[in-house]
Amino acid sequence: MKTLQASDHLVLSMESVKRYCKECEEEIHGRRDKRFCTDYCRASYYNRANAEATSLMRRVNYKISKNRRILARFNPTGQAKIAKQKLIESGLNFDYFTNTYKSQTGQVFYFCYDQGYHEMGNKYVKILARNKVKD
Ligand SMILES: [Zn+2]
């Protein structure tokens, strides 16, 4: 009778846990840290993940660019006060911006690239171009 060697035991324990490809869900053979059955599956998994991220970024960039265009149209001199309703009617999406800026007086502006706005109560919005920021 063959005695069980330490190396035999290692092989047995490695095979006892079945692993499945993250892409095609086929069983994976070979190295324990393998997550895909083939290079093909690995590539298609990451290509798809990348395509989804790129598509999301494109949609977000489009919304922010549109916001910037709307703000710039109402702000020819770099500083403007406008009825909030006009911005809403123009299609400004208040949920999308690139960054915020707090003025020395504590007003928070939401910037879409170089055009920022600050809501003055419920009815008016102050628009400020980046080059007019005094800080
Ligand atoms: Zn696979």
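Reader: Which residues of H2 are called buried, and what makes a residue buried?
Author: A residue is buried if 20 or more other C-beta atoms lie within 10 Å of its own, exposed if 12 or fewer, and partly exposed in between, with C-beta atoms placed from the backbone. In H2, Asn 67, Arg 68, Ile 70 and Leu 71 are buried. The model is predicted: local features need pLDDT of at least 70 and side-chain atom pairs count only at pLDDT 80 or more, while totals for chains, interfaces and linings use all residues. Residues are numbered from 1 along each chain as its sequence is written.

Reader: What do the buried residues of H2 pack against?
Author: They pack against helix H3 (84-90), S5, strand S6 (115-120) and S7. Helices (H or I, at least four residues) and strands (E, at least two) are DSSP runs, numbered from the N terminus. Take Leu 71: setting aside residues up to four places away in sequence, Leu 71 touches Cys 112, Gln 115, Tyr 117 and Ile 127. Two residues are in contact if their C-beta atoms, placed from the backbone, lie within 7 Å.

Reader: How do you know how the span of H2 compares with the expected one?
Author: The expected span is 1.5 Å times one less than the number of residues. H2 has 35 residues, and 51 Å is expected. From its first C-alpha to its last, H2 reaches 50 Å, close to that value.

Reader: What makes a nonpolar core, and which residues of the largest one touch the most other members?
Author: A nonpolar core is a set of buried Ala, Val, Leu, Ile, Met, Phe, Trp, Tyr and Cys residues joined through C-beta atoms within 7 Å. The largest has 13 residues; Leu 71, Phe 109, Tyr 110, Phe 111, Tyr 117 and Ile 127 touch the most other members. Helix H2 (39-73), strand S5 (108-112) and S7 each give two or more residues. S5 gives the most, with 4 residues.

Reader: Why are S3 and S7 called paired?
Author: Two strands pair if DSSP finds at least two bridges between them. S3 and strand S7 (residues 124-129) have 5 bridges and run antiparallel, so they pair. Ala 83 stands opposite Tyr 124 in S7.

Reader: How do you know which strands are at the edges of the sheet?
Author: The open sheet has 5 strands in the order S3-S7-S6-S5-S4, paired antiparallel. Strand S3 (79-83) and strand S4 (99-102) each pair on one side only, as edge strands.

Reader: Why is Lys 22 called partly exposed?
Author: Lys 22 has 13 other C-beta atoms within 10 Å. That count lies between the cut-offs of 12 and 20, so Lys 22 is partly exposed. Lys 22 sits in the loop between strand S1 (19-20) and strand S2 (27-28). Beyond neighbours within four places in sequence, Lys 22 is in contact with Arg 35, Phe 36 and Tyr 45.
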